[in-house]
Amino acid sequence: QVQLVESGGGLVQPGGSLRLSCAASGSSLRLYAMGWYRQAPGKQREWVAGITGGGTTTYAGSVKGRFTISREFANSTLYLQMNSLKPEDTAIYYCSAQRMVVYWGQGTQVTVSS
């Protein structure tokens, strides 16, 4: 199994940037497909970005071209670089890791507001 802890959320102005981190422990990141999800109040959880064990990345249409998902095996960390942030990006962001079952972190709040 793997344990996940997100960090890096905060308050930014529209057009600004944030880099979210997800520290993983308990197992090698190479064994998991990993991703980022977000959930705004009163809304369903939304998939944002994913990366396979082999490093192939995919993105939701709403964030494509603005967000980048990546991994750093040396420190067992998943990242989400978020640029050109919009108010509609405001949500709690969760990282996930999947092999046989899906594991979730606790989430980190991102607020985009002027």
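Biologist: How do I read accessibility for Y32: does the residue count as buried or exposed?

Modeller: Y32 counts as buried, at 2% relative accessibility (buried means under 20% relative accessible area, exposed over 50%, partly exposed in between, with a 1.4 Å probe and protein chains only). A caution: this is a predicted model, where local features need pLDDT of at least 70, side-chain atom pairs count only at pLDDT 80 or more, and totals for chains, interfaces and linings use all residues. Side-chain values use heavy atoms, without hydrogens or water, and residues are numbered from 1 along each chain as its sequence is written.

Biologist: How many aromatic pairs are there?

Modeller: The count is 2 (rings of Phe, Tyr and Trp, the last by its six-membered ring, pair if their centres lie within 6.5 Å; planes under 30 degrees apart are stacked, over 60 edge-to-face, the rest tilted). Y32 and Y103 pair edge-to-face, 6.4 Å centre to centre with 80° between the planes. Y103 is partly exposed at 22%. The rings of Y37 and W104 have centres 4.9 Å apart and planes at 70°, so this pair is edge-to-face. Y37 is partly exposed at 21%, and W104 at 33%.

Biologist: Which residue lies over the face of Y37?

Modeller: That is R45, at 5.1 Å from the ring centre (the rule wants NZ of Lys or CZ of Arg within 6 Å of the ring centre and within 35 degrees of the ring normal). R30 lies over the face of F73, at 4.0 Å.

Biologist: Which residues form a disulfide?

Modeller: In general, a disulfide is a covalent bond between the sulfur atoms of two cysteines; the cut-off here is within 2.5 Å. C22 and C95 form one, with sulfur atoms 2.0 Å apart. Their link is right-handed, with 50° about the S-S bond. Both C22 and C95 are buried.
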